[in-house]
Amino acid sequence: MRWSDFLVMAVFVAVCAAAQAQSPAYGLGRTPSAEEIRAWDIAIGPEGKELPPGKGTAKEGATIYAARCAACHGQTGTEGPFNRLVGGQGTLNTNRPVKTVGSYWPFATTIWDYINRAMPVDNPGSLAPDQVYALTAFLLYRNSIIQETDVMDAASLPKVRMPNRNGFVPDPRPDWKAPVGGRN
Amino acid sequence: MKSSRRRFLQDGAILTGLVAGTVRSASGQTPGPGPENPAHRSAGFVSAMGERSRFEASARIWSDSSTGRVTSSRTPLQDSKGIITPSMLHFERHHARVPEIDPRRHRLLIHGLVDRPLIFTVAELERLPSISRIYFLECSGNSRNPRRGNAETAQQTHGMTSCSEWTGVPLSLLLQEAGVQREASWLVAEGADAAKMTRSIPLTKAMDDILVAYGQNGGALRPEQGYPLRLLIPGWEGNISIKWLRQIQVVDQPYMTREETSRYTDLLPDGRARQFTFEMDPKSVITFPSGGGNLPGPGFYEITGLAWSGRGAIRRVEVSTDGGANWQDAQLQEPVLRFAHTRFRFAWKWDGGEAVVQSRCIDEQGGFQPTVDELIRVRGTNYNYHHNHIQAWKINRDGSVRNALV
């Protein structure tokens with residue numbers, strides 16, 4: 001075999017291998033329709049690029065909160081019986097840390113995502129985008145992060161700077177060492 | 001073969017040395033009236049679904065909730081035998097109750113940064129090449145608050161770990177079918193529970209050993225364990241193994257979902273918190289004798305327990321019966337598997353005096369268990385998850401066994 005023939009063959013083999021790696025081996029499953037994907041494609045990343053159209057303010061959110069949320073989270077978001085949503089800023093380094101949306105959550109987009117997918121607990125998925133924006137705005141306002149009249153939408157929500165945005169560090173384990181001299 | 005034979009002979013020697021002359025006093029029982037005619041006490045001939053003996057009462061437990069919404073239950077480790085947890089006793093942790101799902105209507109959607117979005121039925125997934133593996137699954141909150149609360153038994157302190165044989169399709173196979181694109185680095189997995197629970201997972205782990213499981217201990221998954229489909233992510237904190245799995249979205253960054261920001265992160269004394277603490281550290285616990293139990297009298301007992309590590313296989317377990325002054329190697333019961341419970345055994349003769357028994361393990365990476373004090377020194381007391389301290393049980397002169405840490 002001439003050198004140039006070998007080269008051509010080598011390239012051919014490499015191309016085949018690449019094609020092989022990229023093609024399905026079993027051919028099971030089917031291609032979902034665009035509608036099928038859209039119906040489930042609701043995850044909102046920290047940059048908020050997936051946020052849908054719609055808007056709301058804390059003022060609008062207060063009404064929805066009273067009707068749909070207050071029974072579990074309390075009239076002001078502090079009474080419970082379920083997760084406290086308001087307050088706690090400045091407590092994370094004390095003996096009694098209070099972790100709320102305002103004191104602990106690093107991204108405002110997560111509030112939108114979680115309300116939209118999981119709340120209210122008796123009927124998750126029943127809130128329209130405008131209502132989710134309004135409730136998110138209400139929680140941000142009650143936590144003194146935005147103003148009562150600030151409009152939350154796909155453009156403004158990702159720009160909200162959460163107080164605990166820099167509060168998280170990566171996992172450094174193992175983080176403790178054996179006593180000097182080893183273990184007995 | 002040779003080593004197992006040698007181990008058997010060692011076992012025999014230990015047993016012979018310890019048991020001689022002690023069995024009678026240890027049992028402390030007087031002979032009963034003798035067996036009744038078994039034909040008079042028959043439970044029948046055959047049955048479609050076997051049930052355990054009516055004399056067996058081992059069960060999951062949970063804490064009462066003032067809100068009435070109980071979200072977790074615990075495995076009765078004190079009754080455990082071997083390394084497999086019976087499916088019906090596997091611990092539970094649900095974020096929005098247990099959904100009832102018809103497997104004929106369930107689908108798994110794979111989309112995002114892939115060349116070919118795909119949607120699978122459960123039956124299609126079951127047609128693909130399958131693998132079975134024995135893996136533990138542990139809630140990251142297991143053995144939390146070692147010095148708080150009123151946890152008395154191994155079930156209460158450590159009952160949020162269980163171990164099963166899981167059967168399913170490697171997630172890497174499904175991702176290869178879909179063709180993962182170059183810029184992909186994470187996945188977002190979503191369940192079909194009411195909260196549509198979501199976690200971000202690094203693509204590297206998915207291409208390594210994650211299972212899309214439909215089988216548990218020879219049968220279908222239990223509803224509480226994600227029927228008909230779940231992720232099983234070996235060695236990692238339990239909640240990331242999304243149950244009732246319905247969607248894998250391939251993405252280019254973690255999506256910072258509620259369960260990986262506001263939950264399952266650990267507060268440090270300075271107010272910062274650790275995030276994406278995936279592997280469960282090496283841990284062990286003596287399951288017999290353990291808190292709430294009772295030793296009927298001095299004599300021979302086999303101390304036994306479980307050890308596991310999210311970083312691989314258990315290499316060594318040591319047991320102390322004198323409050324930690326002296327430690328001796330326990331025997332590891334085969335099989336010793338990566339990311340699985342490992343049963344350990346330690347022959348012991350109780351002299352009837354006060355004793356504190358505890359175990360500590362070392363995994364294949366050299367990781368080992370700290371004391372509670374060592375952990376608190378580094379992490380403080382607001383650190384809620386991922387504890388792997390040494391658990392100690394105190395045996396009183398009357399034979400009662402208590403949690404020595406509270």
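**Exercise 1. Work out how many residue pairs sit in polar contact across the interface of chain A and chain B, and what chain A brings to it.**

Step 1: the rule turns up 22 residue pairs in polar contact between chain A and chain B, both partners at pLDDT 80 or more. A polar contact here is a pair of N or O atoms within 3.5 Å; within protein, one must be able to donate a hydrogen and the other to accept it, and residues adjacent in sequence count only if both atoms are side-chain atoms.

Step 2: on the side of chain A that touches chain B, helix H2 (34-40), helix H5 (108-118) and strand E3 (168-170) each supply at least two residues. H5(A) gives the largest share, 4 residues.

A note on the numbers: this is a predicted model, where local features need pLDDT of at least 70, side-chain atom pairs count only at pLDDT 80 or more, and totals for chains, interfaces and linings use all residues. Residues are numbered from 1 along each chain as its sequence is written, chains are lettered from A and ligands numbered from 1 in the order in which they are written, and side-chain values use heavy atoms, with hydrogens and water left out.

**Exercise 2. Find the number of salt bridges between chain A and chain B.**

Step 1: look for a side-chain nitrogen of Lys or Arg within 4 Å of a carboxyl oxygen of Asp or Glu.

Step 2: the count is 5 salt bridges. One of them links Arg173(A) to Glu279(B), at 3.6 Å from N to O.
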